[in-house]
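Please look at the sequence and the model together before reading on.

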Amino acid sequence: MIRMFETHEKRKQKELGGIWKLETLSDSGNVTGKYTATVPSCWESVIGLEDYRGRAKYSATVKTSSENLRFIFKGISHTGDIYLDGKHIGHHYNAYTPFTVPVSDCEEGEHLLEVIADNRFTPDSALHVPNDYRTYGGINRPVALEELCNAYIEYLHVKNTRTENSWSTEFVAKICRFEDNGKTYTATVELAGKTLDFGKIAFEGNTAVITAETSFTDVDEWFPETPNLYIAHAKLFENGEYIDDLKERIGFRDVKIDGEKILVNGKQVFLKGFNRHEDYGILGSAVPENIMSYDLDIIASTGSNFVRTCHYPNDERFLDMCDEKGFFVWEEGHARGLNEDRMKNPNFKKQSADCIEEMVTNHFNHPSIIIWGILNECASHTEYGAECYKLQYDQLKALDPSRPRTSATCQHLKDLCYDMEDIVSLNIYPTWYVNSDVTEYYTKIKNYIDSCISSPKPLIISEFGAASIYGYRAFSHVKWSEDRQCDILKNIIETLSSHEEISGLAIWQFADCRIDDDYRDWNSRPKTQNNKGIVDIFRNPKQSYYTVRECFTKIENYKN
């Protein structure tokens, strides 16, 4: 599946899944091995490629009946080059954001589609580096082919703002065309019983951005307890003929910051939940829908209402499920643990900006997403690093001023960016990495933050936790035992949830995940995994699952 709901009634779209030919390649492009692989998947789940890092070519035959096509790739890890009948038609960097490749003047019939994926760590890659999570290889998210007329709807964004007695709604759509054929284009959008006319479309070159506004009074709001969803349906007409459409699913939900409070639809929320990586056992980052749903059901069973998509944009199907199941989501651009030297990579600013733009453009309509995040544990304590943070904060605000922005920091008493962000977020590990009393450790950091910011802000404990090896129990509650993990989580949750200025707690992490073999801290990661999950990599519960469930179910989702 591409999404968890139907996105078109007019446009012809078909998934390009199934079994593809897979060939590993040398640096010079020679074939070094021949395999087959399902799409989507990670090639690490192919026998013989369990630890492969390099280049590989996927090949499949596609049949078309239109001269105007668009290929949709939801994720290639981490660099992809696309070829059609031997001609290079597209290039993309970053495993975690979708991209499209339009093709015109294509003959009807069968064509050879080839994708060369590359998961090597090279100087050209600023964001994908050896890290505390694995960069898998392959076509790890779905692929689709669209057959189009001369013009099509690239995106539809719906922004809802809550007023005293109604909702103010703005529609923004981007229209693209393959050529100026002299014809007239118009568009409409339908939502909650209303139809709006965008009017005649004026192109600049071959693109146009069109807008419309209205208000709604008789609609149901989106809350975790009542995740009401609506379909916004945009239609495109050429000389009056209906030629294309796009459906987006939205919720009537807004987010505001009021001092130290995070308000969703006017109610002060308390976020409690987990950081979650896209990683499952032998499947790697190509997590299927049933596992996504299972993960959210496990998280919900602990009394949680919150997921942070560490440290990259997530699969849209997972976000669809968060919309449906009623979770708050913090989604962030791709970056983790980059020092100043890595941030000075010549490709860093562009690759980061591309990732943020693709994340916001594609995920704008998800009501579950209430926070945008950037640059987890990067060089926020240096002047150059702070400049990079400001660039990304400014970009987020320009793309979407409706959501607050934040970044999880570990530079607690040195961070230069506290006054840039809308929400302050701290990654802290007292009694695990730091042998210190929880209250004493937190209070020292909080006092420093107060001296840096010009006005009060909400604060989220964006990471805390401890590691344990599944099945290891000890009367002495030593480190790496499930018993010690329970002690630490319970202590931190009970201590910090009582602080009025804290708006959320996100445990590191939901499930154990694989790390890159050459990550610098591999020697503190038994089994080549980050073992801080409350379930293991196959979702078997540790004792900490029950401890967290006991703690979180006692904490209310909303504050008075």
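What percentage of the 560 residues of the protein chain count as buried? In this predicted model, 61% of the 560 residues count as buried. The secondary structure of the protein chain comes to eight helices and 31 strands, and among contacts between residues at least 6 apart in sequence, 73% join residues at least 24 apart. A compact globule with 560 residues would have a radius of gyration near 24 Å, and the protein chain, with 24 Å, agrees with that expectation. The table collects values for the chain as a whole.

| Property of the protein chain | Value |
|---|---|
| Span of the C-alpha trace along its principal axes | about 75 × 65 × 45 Å |

Strands of a sheet pair through backbone hydrogen bonds, either parallel or antiparallel. Here, four strands form an open sheet in the order S1-S10-S5-S8, and their pairing is antiparallel. Because strand S1 (12-15) and strand S8 (99-103) stand at the edges and each have a single partner strand, one side of each is left without a neighbour in the sheet. From one strand to the next, the twist averages 20°.

Within this sheet, strand S5 (residues 68-73) pairs with strand S10 (residues 143-148) in the antiparallel sense over six bridges. Which residue in S10 is the bridge partner of arginine 70? The partner of arginine 70 is glutamate 146.

Conventions. Residues numbered from 1 in each chain as written. Predicted model: local features only at pLDDT ≥ 70, side-chain atom pairs only at ≥ 80, totals over all residues. Heavy atoms only, no water. Pairing = 2+ DSSP bridges. Helix = DSSP H or I, 4+ residues; strand = E, 2+ residues; numbered from the N terminus. Axes fitted to C-alpha atoms, helices over the stretch in contact; angles between N-to-C directions. Rg over C-alpha atoms; globule rule 2.2 N^0.38 Å. Buried < 20%, exposed > 50% of the residue type's maximum accessible area, 1.4 Å probe, protein only. Contact = heavy atoms within 4.5 Å.
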